Amino acid sequence: MANQSTSAYQRLANAPDENSNLGTAQSKFRTLCFGELRKSPYCNNEIKTSKYTFLTWAPKSLFLQFLRAANIYFLVISVLTCMPFSPKNPVSTLSTFSMVLVFTMFKEAYEDYYRHKQDNSENSRTVHKLDKFRKDLIDIPSEQINVGDILCIKENEPIPCDLALLSTSDKRGIAFVNTMNLDGETNLKDKIALDSTSGLSDPVVLSNYVGSIECDLPNENLNSWKCTLKEESGPKPLGMKQLLLRGCVLKNTEFAYGIVVYTGKETKIVLNSKPAPTKISNVLRQMNRILYSIFVLQLIICLAFSLFGIYWNNHTGVKHSYLNLKKLNYVLDVFQGVGTFIVAYSTLIPISLYVALEMVKLGLAFFINNDIQMYYAEDDRKANCRTSDLVEELGQVEFVFTDKTGTLTCNVMEFRKCTIGGEIYGSGERKRNLIGVGEDTKPAEIMKDKTHPNHENIKNFFTLMAVCHSVFPNEDKAHPHRRKYQASSPDELALVEGSADMDFIFWERTDTKIKVKSQGISKDWDLLAEIPYNSTRKRMSVIVRNPDTKEIILMSKGADTTMVPLLTSKERANVALLEDHLHKFALEGLRTLVMAQRKIREDKYEEWKVEWDRLSLSLEDDKEEQLEKHGAKIEKRLKLVGASAIEDKLQDGVPEAIKFIMSASIRIWMLTGDKQETAIEIGKSCNLIQPSMTLVELSSKSQMEFAALIGHYVYKLQLANKTVEEVLSYRKQLTERISIVIDGSTLIMALNKEFGYRENFFKLGILSDSCICCRVSPAQKAQVVELAKEYGPWITLAIGDGANDVSMIQSAHIGVGIAGKEGAQAVQSSDYAISQFRYLQKLLLVHGRWGYRRISLFICYYFYKNVAVVFCEVCYAYFTGFSGQIYILDMLSMMFNAVWTSWPCMLTFILEQDLNAADSFKYPVAYQAGQRRQLFSYSVFWQYMFLAMWHGFVAIFLPFAAMAKAVDIDARDTGLWWVSTLSFTLIIHIISFKMLMMSSYWNKISLIGVIGGLIVYYVTIVLLNMAPVASLIQPGLNQLFYALMSRPKSWIAIFFVPIIALLPDYVFMSWNKIFNPNPVDNLLVMKSKDTIDVKTNSKGQEIEDNSHKKVL
């Protein structure tokens, strides 16, 4: 499928099959021969992402479910209900547990069905294979592809496996591929066949071709591929420019031939498809701990009641001879008693909790995915909740770590200014019909005057921009005299377009030539070598031959920190001026690159080239490192050409979003690779550094300087002897607002545990409102996130858009990917995906806050209602001599969660909100409720549990008192089920009204849930009372409810007992709102006062208007 993404392969085993030579000791390389007809020893191209087959589905699914501790607990309960001592009918527990298991099994089967469909579609796709006997193309299914086959890929067809490019329909051997499925980038990438194979575009000629390929064993490296083509004319190196990867799509090329090098689960896209690290929300982690405490409490109660039961049997039971109590082994009695009470109180931990919670989270994820205010029309992208497990975590964030380029900025670069020969050029917006740098035409005028002292410098500068890059040109039909460019780097694209604006137009490229048009004249520069860019080198270079002078020239461009040390000593006088200009560019928020070059003697080049070619043909493990070192040997004694300044505009709404997020007591740290001055200016423009803030610059040139600097601020801010918790309290008293700036080299010292600055640096970090870390590497981004996680329980969120942000995104509690121009690696590694940074504001302050409130209330309520009904059973144990006799009928207990109480609370809490979206933005301080854990903690949870115990106590003892000595119409004792059914009905009413008390947002759906739940209860209980139904399901219910409801006392109890039960809840809730309010309580009071004032003012204005009318 053309839109197959890497996520489709995440369930594939990365290990090759037994026939593969991946990782074998016999060979470090894979050798393929053209024309070889023997059976391939490697794996075929079949893809399998499905988990189950028809035969393995049931046993495997059950096995996986019983890896969860909760399911093992419920299995033990189900087994205990089948024992002779069980007080409950096993059918009720077993049926409920079975329904949960079956529901999960069919959910997984449904998901796996679509994986099977996807696999079948992928494996049966038609591909065109070269048949060596027929010397023509034949069609085969994709799964039958083998290593060594030669395939023909046609335009707009997906590439089914990893191929080494041999030839294309283009006579230059050029092909274009869309790598959207691999890295998410929309720009087309160019691939270039070797000159020696680019003519093999005919099936007959290709069938007769003789040669072999020696390449790497399958590996996951997407940036490097070591391969050598061996043919009659000699060995030639192949690299990433000749590798067509599975998942890409051939574009703007009629056809391309390639030889298969990796298939199936050995392709690079599959080897890179590793599952993201498992993340569990703080609320769920705490809920699991609470579950353990409840289980311990349950065991304590069961053990105590078992011992009480034995005591009662030995001391009181002997007086009741009709009981016929048998004396058993004491230890056996204890175990049997514990098992009896565990079964009786098994609903204390509800089986349906996880299913119900998952459904609520899916509903909240649906709201995020379909929020029209987070839809970005320009790219036709909406927000994507990639995991619903962390939706409540969004409401508790205290640290946001953000990338800059492409995250806060648009990642749409424009060449704005440059410094050449000590002069700065460039002003205004870019004009395509104007030759110049923006609106500055002075450089173009100088180019016309060959006598001008800066003429040659300007010519060299823009020539370097047009030649030294990895951009590829396409025909521009709208502007025939120009070109459209494809580039993986927005910076390079801006530079090449900038050189074209100065009439240095990059026109054409092959693997050996670069054509540049200037003033209507085309010149072909021989491309002798390219030393590529990487994050370590931070520069790229090309070695070319000048078409006019035939001189060999090394052209290089890169970061100033990398390039300045490479300049010749004669350039020292120019470096000071260069750094001054770079500083000015940085203050304007512009990104800079330094350009330099040198002439190379022919003999020196030939000497260097011999080793370069040898290393290029090498298949050693450290080939890339050796090439990098050898490339650096010639990148020396460079002459300064100039420096470019590129603008990357802020995204719309970024300053406002950051201001709102920071006003919610969320600290924002920007982690960027830019210069410190550039980062500071961007920080000011996007509100990270505000006018009222004190800027603390920690960047230092030495450890001694950093030690003195951080010591000064620790002393000044009185942080020396304070713990992290004390610093947080101290921050509330501090009137001064702080923003920190630190560079990458200083950050290394700050994070080093051996130096001892780590804790003090973090204290400064939590005391500040924002922090800017500049010149940082991807690894340092992750280390900063880990620093925040190390010193406290706060929730961290990382947001970025590129591959260099993946480690940071995966390290944070919550990862947010920006679907931007740097590919989809960040999105594919994230938990949430949005298109613009400003959408983070609503994701956190609205969906996050609502999610935290909804999930917290839902969990507390779900346990509350179960504890309330179980506590009736606990209280009843006293009246039964702790025998384990159940109080409530089996069928009522079974239907309590499944039919009557789960769906009403799901409907109510999935829509719960105390503030609407507009008020959530208006009062960002409301977000602090989640940061302070005010809605879900041990204390909050057990408050609900104690109230549940009170409600259970009232629901059993008041009916006992009301129905004492009660008789039916035949003057017979009403019996146990009469009172217990009344208690159960009271519990249904109490928990329904309690749900309304907990909810701040009464709406049609929540009222339907509450009222509908009561209606469903009465309808089903009436049906269960019918003799035919009761005889089949629960004989004890036969005509029972009719008789119960015929007594006035029952109706009086139903009306008054819930009021009595909920009275403490009302008092407790009122007390908290008055004497211990949370931020939202205060805001609601303020909001109600504002509403009253508005109404009063409106009424006063109306009276005044009426008075005027009377006067008139």
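Two strands count as paired if DSSP finds at least two bridges between them. Keep that in mind as you look at this predicted model, because strand β21 has a bridge partner strand on either count: 5 bridges join β20 to β21, and 6 bridges join β21 to β22. We'll start with those strands, then hop over to a charged patch.

**Strand β21 and its side chains**
- Strand β21 covers residues 513-518, and its side chains alternate.

**Pairing with β20**
- Strand β20 (residues 504-509) runs antiparallel to β21.

**Pairing with β22**
- Strand β22 (residues 521-531) also runs antiparallel to β21.
- K515 has D524 in β22 as its bridge partner.
- This hairpin has 2 residues between the strands, and Q519 takes a positive phi near 55 degrees there.

**A negative patch**
- Now find E620, D621, D622, E624 and E625: together they form a negative surface patch.
- D622 sits in the loop between α15 (602-617) and α16 (623-634).
- With a relative accessible area of 36%, D622 counts as partly exposed, because that label covers values between 20% and 50%.

Key: Residues are numbered from 1 along each chain as its sequence is written. This is a predicted model: local features need pLDDT of at least 70, side-chain atom pairs count only at pLDDT 80 or more; totals for chains, interfaces and linings use all residues. Side-chain values use heavy atoms; hydrogens and water are left out. Patches are made of residues with over 30% relative accessible area and no salt bridge: like charges are joined within 9 Å, nonpolar side chains (Val, Leu, Ile, Met, Phe, Trp, Tyr) within 5 Å. Accessible areas come from the Shrake-Rupley method with a 1.4 Å probe; for residues, only the protein chains shown count as cover. A salt bridge is a side-chain nitrogen of Lys or Arg within 4 Å of a carboxyl oxygen of Asp or Glu. Lys and Arg count as positive and Asp and Glu as negative; His and the chain ends are not counted. The place of a charge is taken as NZ of Lys, CZ of Arg, CG of Asp or CD of Glu. Helices (H or I, at least four residues) and strands (E, at least two) are DSSP runs, numbered from the N terminus. Buried means under 20% relative accessible area, exposed over 50%, partly exposed in between (1.4 Å probe, protein chains only).
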